[in-house]
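User: Hi! I am new to reading protein models. Could you take me through this one with some questions and answers?
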Amino acid sequence: MGYARKVGWVTAGLVIGASACYCIYRLTRGRKYNKEKMAEGGSGDVDDAGDCSGARYNDWSDDDDDGNDSKSIVWYPPWARIGTEAGTRARARARARATRARRAVQKRASPNSDDTILSPQELQKVLCLVEMSEKPYILEAALIALGNNAAYAFNRDIIRDLGGLPIVAKILNTRDPIVKEKALIVLNNLSVNAENQRRLKIYMNQVCDDTITSRLNSSVQLAGLRLLTNMTVTNEYQHMLANSISDFFRLFSAGNEETKLQVLKLLLNLAENPAMTRELLRAQVPLSLGSLFNKKENKEVILKLLVVFENLSDNFRWEENEPTQNQFGEGSLFFFLKEFQVCADKVLGIESHHDFLVKVKVGKFMAKLAENMFPKIQE
């Protein structure tokens with residue numbers, strides 16, 4: 001009886017797996033993997049949200065490597081033992097199933113095709129697959145289908161009404177980096193909506209912790225940064241990141257160019273909000289932050305960092321904050337800017353920078369520091 005029961009469970013598992021693959025293929029066949037992104041420095045508007053002042057950064061995440069087969073993780077059944085003939089066949093079948101599911105979601109439809117949008121009934125089936133399946137290749141395919149459709153404003157409401165937000169957010173607990181990245185992309189696209197943001201705020205601390213502790217410059221880290229950037233387009237939830245600002249500066253200093261630019265988008269959103277000025281100036285920054293102002297650093301990175309500093313200077317007034325300056329400890333961004341204002345040329349070598357625009361921007365910024373933040377230093 002025990003043997004028959006095991007065989008029955010194995011057979012049921014194979015049938016369910018085959019049905020899930022077929023459903024994924026039917027739902028994603030011919031779908032276009034949406035790669036929309038808002039233009040950098042755009043209005044940053046959120047659906048139905050109006051608490052956005054100035055230029056905010058709103059990123060719709062994409063997966064630029066969805067055609068890279070080397071990133072895929074193949075689920076092997078427990079009986080596929082390495083070194084046995086039966087195991088070799090089982091592992092080959094598992095690889096074939098993963099390849100078929102992956103290729104199905106990679107097929108593109110024509111730009112004018114109505115087939116790029118799933119119906120509510122199809123979205124419900126995909127959400128059921130996300131909720132019920134434990135196989136990485138099925139989860140990956142289903143999440144890509146959801147991410148495609150979450151790029152459309154009306155589908156964000158439909159997915160929310162179908163209970164999709166907690167279903168997708170639950171996937172964040174997985175240890176599979178590819179599946180986690182796809183879940184973050186879905187949440188990122190869904191977060192371009194005021195009501196969705198209100199419901200997603202309960203996951204911000206988890207996303208923040210995962211982003212900071214993820215492997216540096218990894219796809220998961222970048223996807224997490226994009227989601228946090230979307231969640232800070234308005235001022236409503238920015239305070240939830242106050243305790244992590246020092247970690248964002250650490251990522252900025254240590255990361256590659258792509259990570260630096262993504263962290264800067266997040267910091268720019270925070271710096272636009274006067275209520276976050278004190279939290280930003282209190283943050284501890286690495287000593288290596290000043291070394292970014294050199295000839296080798298990307299010009300765009302330097303200029304965006306200067307915009308962050310300019311916003312802080314505009315929101316800070318010496319007369320109002322002089323009595324509380326002792327709240328800013330050594331190593332804080334406040335003391336970094338103070339050092340910047342006193343000896344920028346000597347410490348940062350700005351005058352030797354090859355780009356004229358960088359020199360001009362630094363000169364204007366130092367004038368702002370002298371006027372707003374540290375007027376008494378000049379006396």
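Analyst: Happy to! Let us begin with a term: buried means under 20% relative accessible area, exposed means over 50%, and partly exposed is in between (1.4 Å probe, protein chains only). This is a predicted model, where local features need pLDDT of at least 70 and side-chain atom pairs count only at pLDDT 80 or more, while totals for chains, interfaces and linings use all residues. Residues are numbered from 1 along each chain as its sequence is written, and side-chain values use heavy atoms, with hydrogens and water left out.

User: What average pLDDT does the protein have?
Analyst: pLDDT is the predictor's confidence in each residue, from 0 to 100. Residues 26–44 stay under 50, and the model gives them 67 contacts (heavy atoms within 4.5 Å) beyond four places in sequence. Residues 61–76 are also below 50, with 44 contacts beyond near neighbours in sequence. Across the protein, 64% of the residues score at least 70, and the average is 76.

User: How many helices does the protein have?
Analyst: Helices (H or I, at least four residues) and strands (E, at least two) are DSSP runs, numbered from the N terminus. The protein has zero strands, and its helices number 17.

User: What share of the protein's residues count as buried?
Analyst: The cut-off to apply is under 20% relative accessible area. Of the 379 residues in the protein, the share that counts as buried is 50%.

User: Which residues touch the most other members of the largest nonpolar core?
Analyst: A nonpolar core is a set of buried Ala, Val, Leu, Ile, Met, Phe, Trp, Tyr and Cys residues joined through side-chain atoms within 4.5 Å. Leu289, for example, touches Phe249, Phe252, Ser253, Leu305, Phe309, Leu333 and Phe336, leaving out residues up to four places away in sequence. The largest core has 82 residues, and those touching the most other members are Leu146, Phe248, Leu289, Phe309 and Leu333.

User: How far apart in space are Leu118 and Leu146, C-alpha to C-alpha?
Analyst: Leu118 sits in the loop between helix H2 (85–106) and helix H3 (120–132). Leu118 counts as buried because its relative accessibility is 3%. In sequence, Leu118 and Leu146 are 28 residues apart, and in space their C-alpha atoms are separated by 8.8 Å.

User: Why is the pair of Tyr152 and Phe154 tilted?
Analyst: Rings of Phe, Tyr and Trp (its six-membered ring) pair if their centres lie within 6.5 Å; planes under 30 degrees apart count as stacked, over 60 as edge-to-face and the rest as tilted. By this rule there are six aromatic pairs. The rings of Tyr152 and Phe154 have centres 6.0 Å apart, and the pair is tilted because the angle between their planes is 35 degrees.

User: What is the angle between the planes of Phe328 and Phe334?
Analyst: Phe328 is buried because its relative accessible area is 3%, and Phe334 is buried because its value is 1%. Ring pairs also link both of them with Phe316 and Phe335 into a cluster. Phe328 and Phe334 are stacked, with 4.6 Å centre to centre and an angle between the planes of 20 degrees.

User: Which residues is Glu310 in contact with, leaving aside neighbours within four places in sequence?
Analyst: Glu310 belongs to helix H14 (residues 299–315). Its relative accessibility is 11%, so Glu310 counts as buried. Beyond those neighbours, Glu310 is in contact with Lys361, Phe365 and Lys368.
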